[in-house]
Amino acid sequence: MENDVIFSCREDDFYFHHTLTQRPEAGEDSFRSHSHPMYEIYYFIRGEADFVVEGHIHALQRGSMIMTECGQAHNILIRSQETPYERIALLFAPRLLPDGFLPLLQAIHGGSNGFSFGEKDQQWLETCFSLLQTPTLNGVAMEERIRAVIGVLLAKTAEKMALGQENAPERDDLVSQMIQFIHGHLQDEWQLSDLEKALFRDKIYLNRRFKAVMGCGIWEYTMRKRVFAARQQLRQSRSISAAFAASGFQDYSTFYRRYKKYIGLSPSADMKNLE
C-alpha cells in the first residue's frame, strides 16, 4: 500500500495531515480501530469507505465530516482497494478547544458524529484546511492557525446541528449490544463466555462479527475503553490509585502497560500533563 502524504504537521498538542492512499488495504494499521486522547475532525475527499464510530457506520461521500471526542473508538472500513482514498484529519488536544461549544460536544459524545456538506461549503472547508497546508503564512504560527480553523469548523458544524442536519448512521444491532455490555461491565471481571450467555450467541461468532465492524477484537476494545475510563477518573480525582480502582484491571502492572500503550504516557506523567 502506498501513502502519499500531501502535507503533515505534528506537535505535542495537534496533528494535521492530508493523505492520499492509492491502493488502500483493509488491514493497514491506520484504518484499524483506535482511540486517542485528542479530539479529531476528519474530512473525506474521495474513495470508497465508511467511517465507524463506536459501532455506528457512517457512509462517506465527498464533503463528509466526522468529529470524534477523546477516547471514542473509530476505524475505517475500506470498500474498494482499487479506488484511491484521500482524506484530511486534524487531531488536537482539549486545551485547544475553544469555549462555547458545549452542546456540540455533548452531541458528539452522544453519537452525533457525522455531517455532510454541499459543494459550496466543501469549497469553503477546503479553503480553511489549505490555511494549514502552507508552511509559512504571513508569520502566523501554526498553532494559531490551528486554533482559528478549529473555531470556524466547530461553528459551522454547530450550525448544521442546530438545523437538525447531522447524519443518521447505520447501526449493527448485535455489535451495539456487545458495546452496551462492555460499557456496562468495564469495572467487572468477565469472560467471553459471559457475553455469550448474555446475547445467546457463540463467542467465536460474536468476536468475528465485532471485528468485522469495529476493526478490532472484543478484548482489545475493552482494554482501550478501560484505559480511557481510568483517564477520565484521573482527570476528575487527580489520583492514580482512584483511576486504577475504577479501571477494571486486576493488577497495576497490566493497567500501567495498557495506559502507556494507549495514552502514550505513564499515568503519573499524564496526570502532570492534565494539570
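**Pockets, cavity and cores**

Me: Which residues line the largest cavity?
Reply: This is a predicted model. It holds 1 cavity of 30 Å³ or more. Its lining is made up of Y39, E40, I41, M67, T68, F92, L97, L105, I108 and L154.

Me: What is the volume of the largest cavity?
Reply: By class, its lining has 8 nonpolar, 1 polar and 1 charged residues. The volume of the largest cavity is about 40 Å³.

Me: Which element supplies the largest share of the largest nonpolar core?
Reply: The largest nonpolar core has 32 residues, and those with the most contacts inside it include F16, M65, L90 and F92. Elements giving two or more residues to this core are β1, β2, β3, β6, β8, α1, α2 (119-130) and α3 (142-162). The largest share, 7 residues, comes from α3.

Me: How many residues are in the other core, the one with L77, L174, L192 and C216?
Reply: In soluble globular proteins, nonpolar side chains tend to be buried together. The largest nonpolar core here has 32 residues. Another core lies apart from the largest one; L77, L174, L192 and C216 are among its members, and its residues number 22.

Me: Which residues lie nearest the centre of the largest pocket?
Reply: This pocket holds about 920 Å³ of space. Its lining has 17 nonpolar, 9 polar and 10 charged residues by class. Of the 36 lining residues, those nearest the centre are Y15, H36, P37, M38 and L91.

Me: Which helices each supply at least two residues of the lining of the largest pocket?
Reply: Strands and helices both take part. The strands are β1 (3-11), β2 (14-21), β3 (39-46), β7 (74-78) and β8 (85-92). The helices are α7 (218-237) and α10 (267-274).

Me: What is the volume of the second largest pocket, and which residues are closest to its centre?
Reply: The second largest pocket has a volume of about 750 Å³. It is lined by 27 residues, and the closest to its centre are E69, C70, Q72, H109 and K225.

Me: Which element gives the most to the lining of the second largest pocket?
Reply: By class, this lining has 9 nonpolar, 12 polar and 6 charged residues. At least two residues each come from α1 (102-109), α4 (173-184) and α7. With 6 residues, the element giving the most is α7.

Me: Why is one side of β7 and of β10 left without a neighbour in the sheet?
Reply: The open sheet has 4 strands in the order β7-β4-β5-β10, with antiparallel pairing. β7 and β10 (170-171) stand at the edges, so one side of each lacks a neighbour because each has a single partner strand.

Me: Which residue in β5 is the bridge partner of F51?
Reply: Strands β4 (residues 49-53) and β5 (residues 56-59) run antiparallel and are joined by 4 bridges. In β5, the bridge partner of F51 is H58.

Conventions:
Residues numbered from 1 in each chain as written. Predicted model: local features only at pLDDT ≥ 70, side-chain atom pairs only at ≥ 80, totals over all residues. Heavy atoms only, no water. 1 Å grid on protein atoms, 1.4 Å probe; cavity = no way out; pocket = protein on both sides within 12 Å on 5 of 7 lines; lining within 4 Å. Points joined across faces, edges and corners; volume = space filled by probe spheres on them. Nonpolar A, V, L, I, M, F, W, Y, C, P; charged D, E, K, R; others polar. Core = buried A, V, L, I, M, F, W, Y, C linked by side-chain atoms within 4.5 Å. Buried < 20%, exposed > 50% of the residue type's maximum accessible area, 1.4 Å probe, protein only. Pairing = 2+ DSSP bridges.
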